Amino acid sequence: MTPLPMTVIAGYLGAGKTTLINRLLAAPHGLKLLVMVNDFGAINIDESLLISRDEDTIALSNGCVCCTMGADLFMAIGDVLDRASRPDHLIIEASGVSDPARIANVALAEPDLRYGGIVTVVDGQSFADLHRDALIGPQVTAQIAKADLIWVSKEPDAGHAAAIATLTDAPMVRDAAPDTLLSLVTDTPPQTAPESHASHTSWACDGVFAGDLHALRQALATRPTGLFRVKGVVLDASGQRWVVQVVGQQINVTAAKDGAKPGLVGIGLAAHLDKAAVEAWWPANRHSGLR
């Protein structure tokens with residue numbers, strides 16, 4: 001049987017990986033994709049394509065499938081290879097703080113897989129700040145250096161684009177057709193040396209909030225120092241549900257679908273994030289009467 005090509009989509013927290021995957025799933029490329037993600041709840045699937053959705057899997061009318069990765073990557077890939085009807089291409093979304101080469105190495109160790117490249121998504125507007133950060137910068141640099149293709153999610157100025165180009169020989173694209181990355185197949189093994197990077201930590205809550213939309217935005221803007229990434233669904237005091245996406249100074253709050261389950265998660269650098277401060281910040285904004 002022909003080995004299944006496997007492509008890893010990498011990029012730091014908030015770079016735009018989920019947006020790219022959504023575009024891939026909806027693109028008219030004629031391929032049956034299987035996308036493995038940590039949490040596909042954030043992927044805004046075109047409802048006209050949706051056939052079914054359950055706790056772990058969604059199926060689309062164009063033959064694409066999206067499923068959660070689970071704790072054991074090798075077992076998840078084994079399930080893909082054991083399917084009666086194999087996909088044409090396997091896409092794996094790497095965690096924003098992971099080493100994509102470690103995931104890509106699975107394709108080299110598994111005879112039924114073919115290495116299909118590492119695509120690193122870079123936010124052209126926040127790149128400079130991240131790259132200059134003493135703790136985050138080395139990890140962002142490593143993700144770019146290991147890429148076979150750089151996908152720029154937001155237009156950088158000329159200086160930022162030039163700075164990115166100094167870190168890699170990989171081609172850089174902006175607003176290209178999503179199936180550009182599906183044609184990326186290389187025999188060059190990814191680097192395997194472990195990377196030293198800052199330790200990250202996470203926080204989660206039930207997403208129930210005491211105030212209105214204005215108060216929610218204010219709370220997010222004044223979150224504790226070190227809480228770099230926040231995402232999920234928030235239920236406010238009026239019963240309205242909001243999709244929250246926060247990365248650095250960028251705060252995006254949009255209306256959620258009716259019935260969306262509230263829940264909020266945050267990610268930050270362990271050395272800079274005081275969990276006690278986070279716990280004191282969010283419960284102070286809760287409404288005890290809402291569940």
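Student: Let's start with contacts. How much of the contact count comes from residues 24 or more positions apart?
Tutor: In the protein chain, such residues account for 72% of the contacts with a separation of 6 or more. Contact here means heavy atoms within 4.5 Å. One thing to keep in mind: this is a predicted model, where local features need pLDDT of at least 70, side-chain atom pairs count only at pLDDT 80 or more, and totals for chains, interfaces and linings use all residues. Residues are numbered from 1 along each chain as its sequence is written, and side-chain values use heavy atoms, with hydrogens and water left out.

Student: OK. How many helices and strands are there?
Tutor: The protein chain has eight helices and 14 strands. Those are DSSP runs numbered from the N terminus: helices are H or I with at least four residues, strands are E with at least two.

Student: And what share of the residues is buried?
Tutor: 47% of the 291 residues in the protein chain. Buried means under 20% relative accessible area, exposed means over 50%, and partly exposed is in between, using a 1.4 Å probe and protein chains only.

Student: Now the strands. What order do they take in the nine-strand sheet?
Tutor: The order is 3-4-5-2-6-1-7-8-9, in an open sheet with mixed pairing. Two strands pair if DSSP finds at least two bridges between them. At the edges sit strand 3 (50-53) and strand 9 (172-174), each pairing on one side only. From one strand to the next, the twist averages 20°.

Student: Which way do strands 7 and 8 run, parallel or antiparallel?
Tutor: Parallel: strand 7 (residues 113-123) and strand 8 (residues 149-154) are joined by five bridges. In that pair, D123 is opposite K154 of strand 8.

Student: Which helix packs on the sheet there?
Tutor: Helix 2 (residues 73-81) does, touching strand 1 (4-10), strand 2 (33-37), strand 6 (89-93) and strand 7. The direction of helix 2 makes about 165° with that of strand 2. For that angle, axes are lines fitted to C-alpha atoms, for helices over the stretch in contact, and angles run from 0 to 180 degrees between N-to-C directions.

Student: Which residues of helix 2 are buried?
Tutor: L73, A76, I77, V80 and L81. Looking down the axis of helix 2, those buried residues fall within an arc of 140°, so they line one face of the helix. The arc is taken from the directions from the helix axis to the C-beta atoms. On the face turned away from the buried side of helix 2 are the exposed residues F74, M75 and D79.

Student: And which ones are buried in helix 1?
Tutor: Helix 1 (residues 17-26) has K17, L20, I21, L24 and L25 buried. They fall within an arc of 140° seen down the axis of helix 1, so they line one face of that helix.

Student: Back to the sheet. What does strand 5 pair with?
Tutor: Strand 5 (residues 65-68) pairs with strand 2 in the parallel sense over four bridges, and V37 stands opposite T68 there. Strand 5 also pairs with strand 4 (residues 57-60), this time in the antiparallel sense over three bridges. T57 has C67 in strand 5 as its bridge partner. Strands 4 and 5 form a hairpin with four residues between them, and G63 in the turn has a positive phi of about 90°.

Student: New topic: where is D99?
Tutor: D99 is in the loop between strand 6 and helix 3 (100-109). With 11% relative accessibility, D99 counts as buried.

Student: What does its side chain make a polar contact with?
Tutor: The side chain of K146, at 3.0 Å. A polar contact is a pair of N or O atoms within 3.5 Å; within protein, one must be able to donate a hydrogen and the other to accept it, and residues adjacent in sequence count only if both atoms are side-chain atoms.

Student: Last one: is I118 buried or exposed?
Tutor: I118, in strand 7, is buried, with a relative accessible area of 0%.
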